[in-house]
Structure formats: C-alpha cells, structure tokens
Amino acid sequence: MNNTSQVTITQRRSAGSRFGHLMSQWAVFFRGFLEHPKMVGSIIPSSRFTIAKMLAPVKWDECKLFVEYGPGVGTFCGPVLERLRHDGALIVIDTNPLFIDYLNRTITDSRFTAVLGSAENVEQIIRDNGHDHADYVLSGLPFSTLPEGVGPAIAKATYDVLRPGGAFLVYQFSAAARDFMAVHFARIEQGFELWNILPCQLFWGWKDEAA
Ligand SMILES: C[S@@+](CC[C@H](N)C(=O)[O-])C[C@H]1O[C@@H](n2cnc3c(N)ncnc32)[C@H](O)[C@@H]1O
C-alpha cells in the first residue's frame, strides 16, 4: 500500500462527495470561529496555495514525526498524510473539542492522532504518544490573539521539542509569530501567500544541526 492509498479521509473518497464534505468542513470551522473567535482567528480554512507553499521545504523522507498545532477541521492533515512516509506519524493538537471530535470522525489513517490540548504542552503530548522529538512542527495558531504569555511559551516548547535540523513552520495573517520565533530560532525564512483569505505570512524557523 502506498502513502496516498493509506489516506482514508472522507474528502478523498469520491469527487461527487468532495463538495458536500467541503461545505460541512467549512460549516464546522465557522461554528468554531463563532464560539471562540480569538482562538480560531479566521472564518475560513487555509487555501491549497498556502498549504503547498508552507509544506514545500519539508524533507519527507527524513520526517518520522510531524506535529500540527491548531489543525481546525484538518485542512493540512490530508496533504501532510499524502506526503508522510508509511512509518511516519502525524500528531495534531487543538484546544477546541469540536474540531478534535470532527477530525476523529473523518480521518481514519493509522498514522494520525488527534489530541485535545494546548500546543504549550507539546513535549508531554508527544512523549505520551511514544516519541522523544519532532522532525517538523506546523502552526496555524493565531499568535496575535492568543492569551498573554501563550505565544512565547509555545515558541520555546517547540524549539525544545524539535530535533536539530528540524523546523517550525508557521503561517499567520500578521507577523506577530516571527517575534516569538526569533527568540529561539536563529535562522527564519519568510514567505507570503496572496491566494488565501486573508493573504498570509509564512515563516520557516530552522533549528540548526549544531544546536
Ligand atoms: C486559524 S485556525 C487554523 C485552522 C487550520 N489549521 C487551517 O489552516 O485552516 C487556529 C486553530 O488554533 C486552535 N488553537 C488556538 N489556541 C490553541 C492552542 N493553544 N493550542 C492548540 N490549538 C490552539 C484553534 O482552536 C483553531 O483550530
């Protein structure tokens, strides 16, 4: 079985059901936004252009654990699972039970684990799931509207959990995340994606091999 055929996500089952699935995804996402606007920070999931650009630098053959913060309705989960090696793992962490419940109902890939919790606790969460480091961490968190202190704590925990050579991949409407990242990551690459609602900033913070 290859990586693509292992991805048993509802949205990939048939072309006919894809539109209906997209609509129900957006409805769940919008409900999440109405209930927790500051924690969700967006009314619509990321575009496929943002996804492709954000994931482009990942060396998938070297990635055994990919972690995602704030997966929402799983916009990135399908594309990550399509690219992830067959013995890899994807752990996603979200504070919203509505989203975690939705992900557990719609993604049945054995490499996938959805955890209800906060990204600040990433080290404990991956340890509980049998890992001692992550190769890549992706974040769609709205850093600028998170409660005081949460952004810096997440940036530090992420740096600590990454292996040398790994990277923290961040997309956001504002550049607020970059300030938190820069405290720990000496090398940050930057990009921009216009085709997203709203256009967004992209950052790749690399944990140098020597670290
Ligand atoms: C803008 S949405 C990202 C949606 C999705 N990743 C996408 O690209 O379409 C932000 C997500 O972060 C989650 N979130 C907010 N604070 C969090 C935290 N401290 N830890 C984990 N997830 C958090 C929210 O519940 C929401 O699902």
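Author: First, a term: buried means under 20% relative accessible area, exposed over 50% and partly exposed in between (1.4 Å probe, protein chains only). Strands (E, at least two residues) and helices (H or I, at least four) are DSSP runs, numbered from the N terminus. This is a predicted model: local features need pLDDT of at least 70, side-chain atom pairs count only at pLDDT 80 or more, and totals for chains, interfaces and linings use all residues. Residues are numbered from 1 along each chain as its sequence is written, and side-chain values use heavy atoms, leaving out hydrogens and water.

Reader: OK, which way do the residues of E1 point?
Author: Leu 65, Val 67 and Tyr 69 point one way, Phe 66 and Glu 68 the other, and all are buried. In a regular strand the side chains alternate between the two faces of the sheet.

Reader: And what is the bridge partner of Glu 68 in E2?
Author: Val 92. E1 and E2 (residues 89-94) run parallel, joined by five bridges; DSSP has to find at least two bridges for strands to pair.

Reader: Switching topic: is Gly 32 buried or exposed?
Author: Buried, with a relative accessible area of 0%. Gly 32 is in helix H2 (residues 15-35).
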